[in-house]
Amino acid sequence: RIEPIVLDMTDTPESRVTPPARSRSAGGVVRTIIAWVLLMAIAGAMVLGHSWRDPAASEAGTPTTVETVDPEQVPDAMLTLIARYVVGVKPLLGSGPAAGGIGGGAMGGLGDLGKSLEDAAQTPLQRLRAAMVLGELKGADAARERIDTLVAGGKLDEGLARDAAIARAALADADKPARDLISAEDAERLTKRHHWFARVLLSHGLAKTDPTRIDALASAARAVKVLFTGLAVAAIGFFVGFVLGGIGLFMLLSRSLRPAFRPLREVTLGQNASLLESLVIFLVLLTGVGLASHLIEDRLGVDVQVWMLWLALGAAAWPLLWRVRAPDLRRALGWHSGKGVLREVGAGIVGYLGGLPIVALGLGTTIVLIIVTGSRPSHPVVEQAAAGGGWWEAAKLMILATLWAPICEETLFRGAAYTHCRRWMHPLLSTAIVAFIFAAIHPQGWAVVPALMSLAVVFGLIREWRGSLIACVTAHALQNAFVMTLNLLLLRG
């Protein structure tokens, strides 16, 4: 039978690749199954690990355990954020200890500031820190009463019990500054162990113009401004996103918007399996590199994590060992210029904004889960932001969030894994599966999986739309830059 010759006149990186000669599948089906089993096992283990490490769950499961911790190693990002908000917003509602309620102000209906702070404190350490700030909201008497209740509960170890005694002594006389009621040694101990919370406590009773008080409350005032500004920017972004998303959906249904991604069919089953295996290797390398960098820091005192993590990107070269040609691998990973680098960058921005309605759905689901289950999601990077440090510490966090994560994660997830799936699956199914694995392996906690998965879905749809990975990396970097900037402004200082 004579087959018609079809000429493809589109000039894309995909069309310019010459198919290699066929080779044996090298047990591609078996290797694919093994890779999927390993990925699902890793994702499942991460989700279970998140639930076991959840502070709220551990607190509920061990009601009689005395907490033994090193407070210097527990920056409490979420509690810090909430505490700074309630302290920073209080001047907007009135003066005096009685201004703890918001019900009668312009922000009526938000409840009591002090109660919001105490509800956020789940562990004994967090409750002690919340009590240190409570004096700023409800006065010294309320703070001392809260400390007495905490000590009577018997959940503080010897170190925290001593901290509680010092904090109570600092609030013993509401008419005198807290720092004058304790020794300089005790004040230094509290500050070293409890950071900003102790600084707020020690500024209690000082004049508003006192430099110590100004310094302690400046970060709280900044947090309120940054939070409101961030919410305003997010609201504008979501509005623009709904408009762009609607336009994109109309264009897709009218077939005026056509995806540029083309499944890679020039490789064997074994070579296609190597794409999925590269993601497994990437996750294994991340664990190994992380452990090695911590060991180097412990032995030599040098923090090399921000550089060593880039070694994990080497997993993307794994398919080359299975004789996947370099042009095919670049196409599989999406590392080509598409319709031009600047145009792909712009498409990444438009795609990110247009996908925000999907993100809103995932974020809403996560918020409901947190409220219903009382989960306390967290991320090591956020905790590092709360721990403070110099400009280089902040720069390292920005490098990881806006360069390493977008480049490495998009290369392996929306690059290798997505191309592997698209050989067999529908674009939406491929996007959803890769998005779930992406969300599950992140350390924020299981309740945040819907929010992370919605972001990953947006990145996957951008990959299908553009073909090139540049747009995905741009969208990922834009998201992380916004979140990381907010975290640094809210939690540092």
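These legends walk through several close-up views of a predicted model.

**View A. A nonpolar patch lies on the surface****.**
To get your bearings, pick out Val-243, which belongs to helix 9, the run of residues 211-253. Val-243 has a relative accessible area of 42% and is therefore partly exposed.

**View B. Trp-196 and Phe-197 make an edge-to-face pair****.**
The structure holds six aromatic pairs, and this view shows one of them. The ring centres of Trp-196 and Phe-197 are 5.5 Å apart. Their planes meet at 70°, and because angles over 60 degrees count as edge-to-face, the pair gets that name. Are these two residues buried or exposed? Trp-196 is buried, at 3% relative accessibility, and Phe-197 is buried too, at 2%. While you are here, look for Arg-84 as well: Arg-84 lies over the face of Trp-196, 5.1 Å from the ring centre.

**View C. Trp-307 and Trp-392 are stacked****.**
Here is another aromatic pair. The centres of the Trp-307 and Trp-392 rings lie 6.1 Å apart, and their planes are at 25°, so the pair counts as stacked. Where in the chain do the two partners come from? Trp-307 sits in helix 11 (residues 305-308) and Trp-392 in helix 16 (residues 391-422), so 85 residues separate them and the pair links distant parts of the chain. Trp-392 is partly exposed, with 33% relative accessibility.

**View D. Arg-414 places its charged end over the ring of Phe-438****.**
In this view, follow the side chain of Arg-414 to its charged end, then look for the ring of Phe-438. The distance to the ring centre is 4.5 Å.

**View E. Asp-163 and Arg-189 meet in a salt bridge****.**
Side chains of opposite charge can pair when their charged atoms come close. A search of the whole structure finds 16 salt bridges, and this view shows one of them. Between Asp-163 and Arg-189, the N to O distance is 2.7 Å. Asp-163 is part of helix 7 (residues 158-170) and Arg-189 is part of helix 8 (residues 184-202), so the bridge ties together parts that are 26 residues apart in sequence. Asp-163 is buried at 0% relative accessibility, and Arg-189 also counts as buried, at 19%. Look for Arg-193 too, since Asp-163, Arg-189 and Arg-193 are linked in a network of salt bridges.

**View F. Arg-179 and Asp-210 join two loops through a salt bridge****.**
The closest N and O atoms of Arg-179 and Asp-210 are 3.4 Å apart. Arg-179 lies in the loop between helix 7 and helix 8, while Asp-210 lies in the loop between helix 8 and helix 9. These distant parts of the chain are 31 residues apart. Arg-179 is partly exposed, with a relative accessible area of 36%, whereas Asp-210 is buried, with 17%.

**View G. Glu-266 forms a salt bridge with Arg-331****.**
Here the closest N and O atoms are 3.0 Å apart. Glu-266 belongs to the loop between helix 9 and helix 10, and Arg-331 to helix 12, so the pair ties together parts that are 65 residues apart in sequence. How accessible are the two partners? Glu-266 counts as buried at 19% relative accessibility, and Arg-331 is buried at 7%.

**View H. Arg-255 and Arg-323 have positive phi values****.**
Neither residue is a glycine, yet phi is about 65° at Arg-255 and near 65° at Arg-323. Which loops hold them? Arg-255 is found in the loop between helix 9 and helix 10 (269-300). Arg-323 is found in the loop between helix 11 and helix 12 (326-333). Arg-255 is exposed, with 66% relative accessibility, and Arg-323 is exposed as well, at 74%.

**View I. Cys-408 and Cys-421 are buried****.**
Both cysteines have a relative accessible area of 0%. How many disulfides does the structure contain? The count comes to zero, taking a disulfide as a pair of cysteine sulfur atoms within 2.5 Å.

Note on methods
Residues are numbered from 1 along each chain as its sequence is written. This is a predicted model: local features need pLDDT of at least 70, side-chain atom pairs count only at pLDDT 80 or more; totals for chains, interfaces and linings use all residues. Side-chain values use heavy atoms; hydrogens and water are left out. Patches are made of residues with over 30% relative accessible area and no salt bridge: like charges are joined within 9 Å, nonpolar side chains (Val, Leu, Ile, Met, Phe, Trp, Tyr) within 5 Å. Accessible areas come from the Shrake-Rupley method with a 1.4 Å probe; for residues, only the protein chains shown count as cover. A salt bridge is a side-chain nitrogen of Lys or Arg within 4 Å of a carboxyl oxygen of Asp or Glu. Helices (H or I, at least four residues) and strands (E, at least two) are DSSP runs, numbered from the N terminus. Buried means under 20% relative accessible area, exposed over 50%, partly exposed in between (1.4 Å probe, protein chains only). Rings of Phe, Tyr and Trp (its six-membered ring) pair if their centres lie within 6.5 Å; planes under 30 degrees apart count as stacked, over 60 as edge-to-face and the rest as tilted. A charge sits over a ring if NZ of Lys or CZ of Arg is within 6 Å of the ring centre and within 35 degrees of the ring normal.
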